[in-house]
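Please open the model in your viewer and keep the sequence panel beside it. The stops below move from the whole chain to one pair of elements, and then to a single side chain.

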Amino acid sequence: MVRSVADNPGPHDAETLIRALYAEHGRSLLAYATRLTGDRAAAEDVVQETLLRAWKHADDLTSGRGSVRGWLLTVARNLVTDRARARAVRPAEVADVVDKPPVTGDHSESVVNTMVVMDALDKVSPEHREVLVQLYYRGRSVAEAAKELGVPPGTVKSRSYYALRALRAVMAGSSREVSYE
């Protein structure tokens with residue numbers, strides 16, 4: 001088939017040559033590349049690149065020198081070798097280690113934040129402080145905090161609103177205390 005393409009030159013000779021090469025040598029080329037790579041998808045890529053190079057060198061293949069099958073198999077082997085060398089040069093990819101949790105930040109920032117909030121809590125009124133402690137530090141609901149403090153739930157909500165405003169003002173540097181109830 002290769003010689004018949006060379007004997008009848010035309011505008012689509014290279015494309016016809018590649019179709020003929022694939023029809024005649026595609027299966028054996030794929031089998032050879034699969035044996036070399038051990039991976040069907042990688043072998044298909046090698047066959048595609050081999051045929052692309054055959055298309056680029058169509059003149060050499062139609063000149064009648066040497067075996068076409070030998071040329072294709074040599075190109076495929078060289079491509080596999082080049083890929084292996086390229087992988088060897090790259091640094092190895094490191095898989096995520098599942099055994100260890102990700103490294104967390106330094107806990108000193110958390111300690112400093114706690115100290116700042118505790119200092120600011122000392123500067124708000126006792127009623128506001130009690131509501132904030134019940135809701136945020138002890139994790140109680142509004143109803144539970146109301147029962148613990150002996151005030152209605154609406155008062156707990158109101159105090160928590162104004163307590164947060166007062167705490168925000170203290171932390172922002174304002175020296176005045178916001179005392180609403």
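The tour that follows says at each stop what to select and what is there.

This is a predicted model, in which local features need pLDDT of at least 70 and side-chain atom pairs count only at pLDDT 80 or more, while totals for chains, interfaces and linings use all residues. Residues are numbered from 1 along each chain as its sequence is written, and side-chain values use heavy atoms, with hydrogens and water left out.

**Whole chain.** Colour by secondary structure, and the chain shows nine helices and zero strands, where helices (H or I, at least four residues) and strands (E, at least two) are DSSP runs numbered from the N terminus. Of the 181 residues, 27% count as buried, meaning under 20% relative accessible area with a 1.4 Å probe and protein chains only, whereas over 50% is exposed and the range in between is partly exposed.

**Helices α2 and α3.** Select residues 13-37 and 40-56, whose axes come within 8 Å and cross at roughly 145°; the axes are lines fitted to C-alpha atoms over the stretch in contact, and angles run from 0 to 180 degrees between N-to-C directions. Among the residues that meet here are I18, L21 and L29 of α2 and V46, V47 and T50 of α3, contact being heavy atoms within 4.5 Å. The residues of this contact divide into 14 nonpolar, three polar and three charged; Ala, Val, Leu, Ile, Met, Phe, Trp, Tyr, Cys and Pro count as nonpolar, Asp, Glu, Lys and Arg as charged, and the others, Gly among them, as polar.

**Along α3.** At the start of α3, look for a side-chain oxygen of D39, which reaches to within 3.3 Å of the backbone nitrogen of A41. Next select A42, A43, V46, V47, T50, L51 and A54, the buried residues of α3, and then show what covers them, which includes α2, α4 (58-62) and α5 (68-89). In an α-helix there are 3.6 residues a turn, so residues three or four places apart point the same way.

**T50.** Finish on T50, which lies in helix α3. Is T50 buried or exposed? With a relative accessible area of 0%, T50 is buried. A polar atom of its side chain lies 2.7 Å from the backbone oxygen of V46. Leaving aside neighbours within four places in sequence, select L29, W71, L72, V75, A76 and L79 to see the residues in contact with T50.

Key:
Polar contact = N/O pair within 3.5 Å; in protein donor to acceptor, adjacent residues only side chain to side chain.
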